[in-house]
Amino acid sequence: MVKSGREGQDRALRSWPGPSYDAIYMLASAFERAKTVEPDAVVKALEQTDMQGAIGRIRFGKDHQVVYGFDPKETALGLVFNG
């Protein structure tokens with residue numbers, strides 16, 4: 001059952017720190033590799049992302065989605081805590 005209000009927010013926030021942390025480093029790396037903030041160049045750099053982060057290995061599939069799985073050495077992990 002999906003919770004609403006403050007309880008629902010508290011539960012949802014438990015799963016966000018890892019991906020949020022990784023997203024900052026992933027974007028910073030893409031900007032550095034692209035040597036610009038021009039969107040097409042940054043997208044190309046993001047497509048080439050292959051890094052170890054808090055949620056595991058972060059890379060993108062041909063569908064531009066993060067590759068998720070169960071081995072953090074090979075894929076990102078989707079993680080949700082229910083309390």
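Two residues are in contact when their heavy atoms lie within 4.5 Å. In this predicted model, residues 24 or more positions apart account for 25% of the contacts with a separation of 6 or more.

The protein contains 3 helices and 2 strands. From the N terminus, the order of these elements is α-α-α-β-β. Of the 83 residues, 20% are buried. The accessible surface is about 6300 Å². Carbon and sulfur atoms contribute 59% of that surface.

In soluble globular proteins, nonpolar side chains tend to be buried together. Here, the largest nonpolar core has 10 residues. Its members are M26, A30, A34, V42, A45, L46, M51, I55, I58 and A76. Helices α2 (17-34) and α3 (39-47) each supply at least two residues of this core.

Attention now turns to T49. This residue sits in the loop between α3 and β1 (50-53). T49 counts as buried because its relative accessible area is 5%, below the cut-off of 20%. The side chain of T49 takes part in two kinds of pairing. It reaches the backbone oxygen of L46 at 2.8 Å. It also makes a polar contact with the side chain of R33, at 3.4 Å. Leaving aside neighbours within four places in sequence, T49 is in contact with M26, R33, I58, R59 and F60.

Technical notes. Residues are numbered from 1 along each chain as its sequence is written. This is a predicted model: local features need pLDDT of at least 70, side-chain atom pairs count only at pLDDT 80 or more; totals for chains, interfaces and linings use all residues. Side-chain values use heavy atoms; hydrogens and water are left out. A nonpolar core is a set of buried Ala, Val, Leu, Ile, Met, Phe, Trp, Tyr and Cys residues joined through side-chain atoms within 4.5 Å. Buried means under 20% relative accessible area, exposed over 50%, partly exposed in between (1.4 Å probe, protein chains only). Helices (H or I, at least four residues) and strands (E, at least two) are DSSP runs, numbered from the N terminus. Accessible areas come from the Shrake-Rupley method with a 1.4 Å probe; for residues, only the protein chains shown count as cover. A polar contact is a pair of N or O atoms within 3.5 Å; within protein, one must be able to donate a hydrogen and the other to accept it, and residues adjacent in sequence count only if both atoms are side-chain atoms.
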